[in-house]
Amino acid sequence: MQYNYTVVKFMKSDGELWMRILVLSDSHKHIANLVEAISNEPTAEIVYFLGDGTYEMDEVREIFKDKMFITVRGNCDFIDTVPLCDIRSVDTCKIYASHGAVENVKYSFAGIKSEAINNGCNIALFGHTHQKYYSFEDGLHLFNPGSIKEGNYGVIDIMGNGIMCFHKNLFEIK
């Protein structure tokens with residue numbers, strides 16, 4: 001596996017640690033949905049893209065130059081310069097991000113849980129299934145935002161008192 005390691009810290013003006021992370025996956029050429037999701041979450045400092053659409057992310061980065069983008073390669077991406085997974089510390093959390101194909105998430109979450117826990121992570125992000133999913137077990141937040149092609153995306157709020165993961169959809173009535 002290829003890993004990237006970086007530490008990212010953010011602090012609000014009042015001194016409270018807090019940040020919002022936008023999680024996207026599986027755009028499959030639906031760039032307009034990527035742009036709309038990012039536009040809908042202006043306070044998100046970091047955007048994770050979990051594969052199957054890495055070509056579109058090059059265009060999106062040009063539109064949203066103020067965001068930090070973390071991208072991993074999916075099974076439908078053929079850019080070998082993009083890593084298969086990413087591990088980094090963000091504020092008080094350590095995040096494991098992968099498309100999920102390598103860990104066989106369509107059949108079991110055991111592989112991705114094992115990788116995340118073995119690397120000391122408390123959040124594991126994955127896509128591949130196109131199905132929204134969230135669980136918290138054994139100190140690990142396991143989160144799939146669903147497919148942005150279908151309008152689904154995820155948001156993670158990291159606050160001084162905990163982590164909140166939730167799903168959103170572009171097409172639900174606002």
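Which residues is Glu41 in contact with, leaving aside its neighbours within four places in sequence? The list is Arg20, Leu22, Lys67, Tyr153, Val155 and Lys168, where contact means heavy atoms within 4.5 Å.

**The model as a whole**

This is a predicted model, in which local features need pLDDT of at least 70, side-chain atom pairs count only at pLDDT 80 or more, and totals for chains, interfaces and linings use all residues. Residues are numbered from 1 along each chain as its sequence is written, and side-chain values use heavy atoms, with hydrogens and water left out.

The score called pLDDT is the predictor's confidence in each residue, from 0 to 100. The protein chain averages a pLDDT of 90, and 89% of the residues score at least 70. Residues 1-7 need some care: pLDDT stays under 50 there, and the model has 26 contacts beyond four places in sequence for them. Where pLDDT is low, the predicted coordinates should not be read in detail.

You can find 3 helices and 11 strands in the protein chain. Helices (H or I, at least four residues) and strands (E, at least two) are DSSP runs, numbered from the N terminus. Along the sequence, they follow the pattern β-β-α-β-α-β-β-β-α-β-β-β-β-β. Of the 174 residues, 52% are buried; buried means under 20% relative accessible area, exposed over 50%, and partly exposed in between (1.4 Å probe, protein chains only). Among the contacts with a separation of 6 or more, 57% are between residues 24 or more positions apart.

Helix α1 spans residues 31-40, and its buried residues are Asn33, Leu34, Ala37 and Ile38. These residues lie on the same side of α1 because they cover an arc of only 130 degrees around the axis, the arc being that of the directions from the helix axis to the C-beta atoms. An α-helix has 3.6 residues a turn, so residues three or four places apart point the same way. What do the buried residues of α1 pack against? They pack against β2 (18-24), β3 (44-49), α2 (54-63), β4 (68-71) and β10 (152-159).

Leu24 lies in strand β2 and is buried, with a relative accessible area of 0%. Its contacts, leaving aside neighbours within four places in sequence, include Leu34, Ala37 and Ile38, as well as Tyr48 and Tyr153.

Back to Glu41, which is found in the loop between α1 and β3. Is Glu41 buried or exposed? Glu41 counts as buried because its relative accessibility is 3%. Its side chain makes a polar contact with the side chain of Tyr153 (3.0 Å). A polar contact is a pair of N or O atoms within 3.5 Å; within protein, one must be able to donate a hydrogen and the other to accept it, and residues adjacent in sequence count only if both atoms are side-chain atoms.

**From β3 to β4**

Strands β3 and β4 run parallel and are joined by 4 bridges; two strands pair if DSSP finds at least two bridges between them. The chain crosses from β3 through α2 to β4 in a right-handed β-α-β crossover. Right-handed means that, with the strands pointing away from the viewer, the path from the first strand over the helix to the second runs clockwise. Within the pair, Tyr48 stands opposite Ile70 in β4.

Thr71 is also found in strand β4, and counts as buried at 10% relative accessibility. The side chains of Thr71 and Arg61 are joined by a polar contact of 2.7 Å. Gly53, in the loop between β3 and α2, is buried at 5% relative accessibility and touches Ser27 and Asp77, not counting residues up to four places away in sequence.

| Pair | Apart in sequence | Apart in space |
|---|---|---|
| Thr71 and Gly53 | 18 residues | 9.7 Å |
| Gly53 and Gly74 | 21 residues | 7.7 Å |

**Two aspartates with a positive phi**

Most residues other than glycine have a negative phi, and most peptide bonds are trans. Asp52 has a positive phi of about 65 degrees, and Asp138 has one of about 55 degrees. Asp52 is in the loop between β3 and α2 and is buried at 3% relative accessibility. Asp138 is in the loop between β8 (132-137) and β9 (140-145) and is exposed, with a relative accessible area of 67%.
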